[in-house]
Amino acid sequence: MKIIHFSDPHAGGPAEDWLAYLDKRWVGVFNYRFRRKFRHDLGKLERAVAYILDRKPEVAVCTGDLTSSGQPGEFERVRSILRPLRESSIPVLYLPGNHDCYVRRPKCVRAVNEMVEYLSRGDYRFSELPLVRRYGGVEFLLLNCSRPSNLLCSWGFVDPRDADWIADYCRQPRTGPRLLLSHYPMLEDHPVLRLRHRLFGQRRLVELLRSGRIDLSLCGHVHRPYRRVDGSGRGEVCAGSVTRNGTLFEIDYDPVADGFTIELVELD
């Protein structure tokens, strides 16, 4: 069972309407114009798509932040790059990030909802999360932690009802290893230092992860890739930003050994 995991392309662009200067979008536009534009290269996302198509995994996972400020034009830029992957036979599991859910403007909300349905080929909607999908004997638990927050922060939130749903699901007999997919890391080394960027409400999910009822957490949000796993490959993997680092993770599950092999792939 092969999984390829990438995250955080951060396609950006100018403000698409004057209302962007009255909500949080101006922060994302400013950040892109003076910082991300020089750090993130969408050509690396094109190489990631080509690599995935060549390797033909059973599943491709994208843990969010396709855009910089959740504007429809930004989604269109990344949609054109992802189209060959979407039109392949490889299932794509996409979890929106905080930058994809940047504001509550109707056209921005509509754009992220359409992208979820587009990449899943209509298999699921954003409003249906959390949910479970099964491929190759692996259970994928899809969780949304992203929603608009205040002007200065990139907070994520685990809804208590979603945590209850996942905890109840993990009490059921398993059919294979369980992977939790979300934009935000569950395991945070420096929650105080990262207060502006942290996730709230994940305590029960961390307990499930540490007790082995969830085998592996796949996430993004943090732009430097990392893997915090034990000898069997269980723990947490953050894909980082594919357009900043030119990297993704290739994850193989061996049912005989009941373990994961996790390889950082450098596309450059």
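How do H3 and H4 run relative to each other, roughly parallel or roughly antiparallel? The close-ups below, taken from a predicted model, start with that pair.

**View 1. Helices H3 and H4, side by side.** Helix H3 covers residues 72–86 and helix H4 covers residues 106–119. Their axes come within 11 Å and cross at roughly 5°. Angles under 35 degrees count as roughly parallel, so H3 and H4 are roughly parallel to each other. If you want to pick out the contact, H3 brings Pro 72, Phe 75, Val 78, Arg 79, Leu 82, Arg 83 and Arg 86. On the H4 side, these meet Lys 107, Cys 108, Ala 111, Val 112, Glu 114, Met 115, Tyr 118 and Leu 119.

**View 2. The open sheet with E1 in it.** Here 5 strands line up as E3-E2-E1-E12-E13, with mixed pairing. E3 (92–94) and E13 (259–266) sit at the edges with a single partner strand each, so one side of each has no neighbour in the sheet. From one strand to the next, the twist averages 20°. Helix H2 (residues 42–55) packs on this sheet, touching E1, E2 (59–62), E12 and E13. The direction of H2 makes about 175° with that of E1.

**View 3. Zooming in on E1 and E12.** Strand E1 (residues 2–6) pairs with strand E12 (residues 247–254) in the antiparallel sense, over 4 bridges. Look for Lys 2, which stands opposite Asp 252 in E12.

**View 4. Arg 36, a buried charge without a salt bridge.** Arg 36 belongs to helix H1 (residues 25–39). Though buried, Arg 36 has no salt bridge, and the nearest side chain of opposite charge, Asp 65, is 6.0 Å away. So what does Arg 36 touch, leaving aside its neighbours within four places in sequence? Its contacts are His 10, Asn 31, Ser 68, His 99 and His 223.

**View 5. Strand E7, covered on both faces.** In a regular strand, side chains alternate between the two faces of the sheet. In E7 (residues 178–181), Arg 178 and Leu 180 are on one side, Leu 179 and Leu 181 are on the other, and all of them are buried. E7 pairs with strand E5 (residues 138–142) in the parallel sense over 4 bridges, and Leu 179 of E7 is the bridge partner of Phe 140. E7 also pairs with strand E9 (residues 216–219), again in the parallel sense, over 3 bridges. There, Leu 181 has Leu 218 in E9 as its bridge partner.

Technical notes: Residues are numbered from 1 along each chain as its sequence is written. This is a predicted model: local features need pLDDT of at least 70, side-chain atom pairs count only at pLDDT 80 or more; totals for chains, interfaces and linings use all residues. Side-chain values use heavy atoms; hydrogens and water are left out. Two strands pair if DSSP finds at least two bridges between them. Helices (H or I, at least four residues) and strands (E, at least two) are DSSP runs, numbered from the N terminus. Axes are lines fitted to C-alpha atoms, for helices over the stretch in contact, and angles run from 0 to 180 degrees between N-to-C directions. Contact means heavy atoms within 4.5 Å. Buried means under 20% relative accessible area, exposed over 50%, partly exposed in between (1.4 Å probe, protein chains only). Lys and Arg count as positive and Asp and Glu as negative; His and the chain ends are not counted. A salt bridge is a side-chain nitrogen of Lys or Arg within 4 Å of a carboxyl oxygen of Asp or Glu. Angles under 35 degrees count as roughly parallel, over 145 as roughly antiparallel, 65 to 115 as roughly perpendicular and the rest as oblique.
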